[in-house]
Amino acid sequence: MSEAKEKPKWRWGFKRWIVLLFIILNVVGVIVFPPIRPQVQVQPEELTSPVNLGPLGDFSLTNTLVAMVLVDLIVIAIAYFTKRSVMKAEKEHYRMPGGIAGALETLFEYLYNMTQSTAGKWAKTIFPYFASITLVVLIANWMELIPGVDSIGLLHHSTTGSPIQQILPGVFGTVKSGSGETYGVVPFVRTLSTDLNFTVGLAIFSVIMTQVIGLRAQGFKYFTKFWNTRALFKKPFFGLIDWLVGILEIISEFSKILSFSFRLFGNLFAGSILLFVVGALIPVLLQSGILLFEFFIGLIQALIFGMLTMIFMSMATQSHEEEE
Amino acid sequence: MTGDIVAAAKLIGAGLAVIGIAGAGVGIGIVVNGALQGMARNPDASGNLLTNMILGIAFAEAQAIYCLVIAFLILFVF
């Protein structure tokens, strides 16, 4: 053990033992509490009983709403700590901000350069939408990776569930395989992007702001993209084709909402089901690999959502007429 | 032999719905093929090509995801 005096080598070996310990704990845990087939539900589960809000309909606290609040708190906390870090750096004679501000600066510089190469002079208008959508979706997607999300929650009666096994009687419990009175788990926090309400809301926001930015850039000429009567009078035959293309553009705006929302929802929902099923069938080690894959998918989907918004917005700022 | 015909039809329907993913697989293959050929011929443009390639993959992948969503809806909602 004379070589063990070298510090990095010793720490690496130490961490290796921790990993081994966790693997052994995993195997023991799987034997003591055998995993069961999880329940899958498309709509978010309700945590409280519904409250009637008159004309707005029934409202109940769902577990994706809890996740939404958590995501918002994380984004606000990031903004607060970044501002504090920058202020501190400015006080100390304009030193380079370190820590979280430095990391965010790298990310935003990359995103801003991407915006500028696509949108040109409209980059300053488009960039806030791009960056904020990317950040919110990124944090919402990565919440899936936190242990306890999607798995810790209230037990409730369910016809398709499994019987209950008490760990601390009355306080803690888990569902197990076998027979008896059946229960299911309603998690406190469920990944935000597996709720269609969130993805559709974000998609509608993105498409409407695209129209607003197009209107700001081109004025009322923007609507000739959808309803081109001027070309109809100018050149009778090809003008008719232009007019029909305008009708198609209207349909494509609505299909954007559909494709935006279903892409994010489908990817993340499929990912979480993959995690559930792999966790139930092969509970040792394999789920770690899937988690790494989900880390990648979450990043890519957040970037795709933001990048497509940015590209559609920059397309809306460019007029079609000038190309002819 | 137990179970009812609706459950069986659900499983068969979900299985049929995901056939469409084959098309998305071909599409992603074509996208990556084109991007890699472009990168091999002009390595300087690879950064720009990579961004557009991932965008193209996302568009092609979206079709697969629609199939998957339909399969999930058949299995878990109806």
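Before the first helix pair, one definition: a helix axis here is a line fitted to the C-alpha atoms over the stretch in contact, and the angle between two axes is taken between their N-to-C directions, from 0 to 180 degrees. Hi everyone, and please keep in mind that this is a predicted model.

With that in hand, let's start where the two chains meet. The crossing of H7(A) with H3(B) is left-handed. Who takes part? On the H7(A) side you'll find, among them, Phe262(A), Phe265(A), Phe269(A) and Ile273(A), and on the H3(B) side the list includes Ile65(B), Val69(B), Phe72(B) and Phe76(B). Sorted by class, the residues of this helix contact are 15 nonpolar, 3 polar and 2 charged.

Chain B brings 15 residues to the contact and chain A brings 19. Together the chains bury about 1,500 Å², and carbon and sulfur atoms give 82% of that. Which three residues of chain B supply more of its buried area than any other three? They are Leu55(B), Phe72(B) and Phe76(B), with 31% of what chain B buries against chain A. And for those of you who like charge pairs: between chain B and chain A the count is 0 salt bridges.

One pair is Glu253(A) with Lys225(A), whose closest N and O atoms are 3.8 Å apart. Glu253(A) sits in helix H7 of chain A while Lys225(A) sits in the loop between H5 and H6, so this pair ties together parts that are 28 residues apart in sequence.

H5(A) and H7(A) pack with their axes 8 Å apart, at an angle of about 145 degrees, and their crossing is right-handed. The class count for H5(A) with H7(A) is 11 nonpolar, 4 polar and 2 charged residues.

Moving along chain A, we come to Leu285(A), in the loop between H7 and H8. Most residues other than glycine have a negative phi. Leu285(A), however, has a phi near 70 degrees, a positive value.

Last stop: H8(A), residues 286–317, against H4(A), residues 123–142. These two helices pack at about 160 degrees, with 8 Å between their axes. That angle is why H4(A) counts as roughly antiparallel to H8(A). Their crossing is right-handed. And what classes of residue make up this contact? There are 15 nonpolar, 7 polar and no charged residues between H4(A) and H8(A).

Conventions:
Residues are numbered from 1 along each chain as its sequence is written. Chains are lettered from A and ligands numbered from 1 in the order in which they are written. This is a predicted model: local features need pLDDT of at least 70, side-chain atom pairs count only at pLDDT 80 or more; totals for chains, interfaces and linings use all residues. Side-chain values use heavy atoms; hydrogens and water are left out. Helices (H or I, at least four residues) and strands (E, at least two) are DSSP runs, numbered from the N terminus. Angles under 35 degrees count as roughly parallel, over 145 as roughly antiparallel, 65 to 115 as roughly perpendicular and the rest as oblique. A crossing is left-handed if the near helix is turned anticlockwise from the far one by less than a right angle, and right-handed if clockwise. Ala, Val, Leu, Ile, Met, Phe, Trp, Tyr, Cys and Pro count as nonpolar, Asp, Glu, Lys and Arg as charged, and the others, Gly among them, as polar. Contact means heavy atoms within 4.5 Å. Buried area is the accessible area (1.4 Å probe) that two parts lose on being put together, summed over both. A salt bridge is a side-chain nitrogen of Lys or Arg within 4 Å of a carboxyl oxygen of Asp or Glu.
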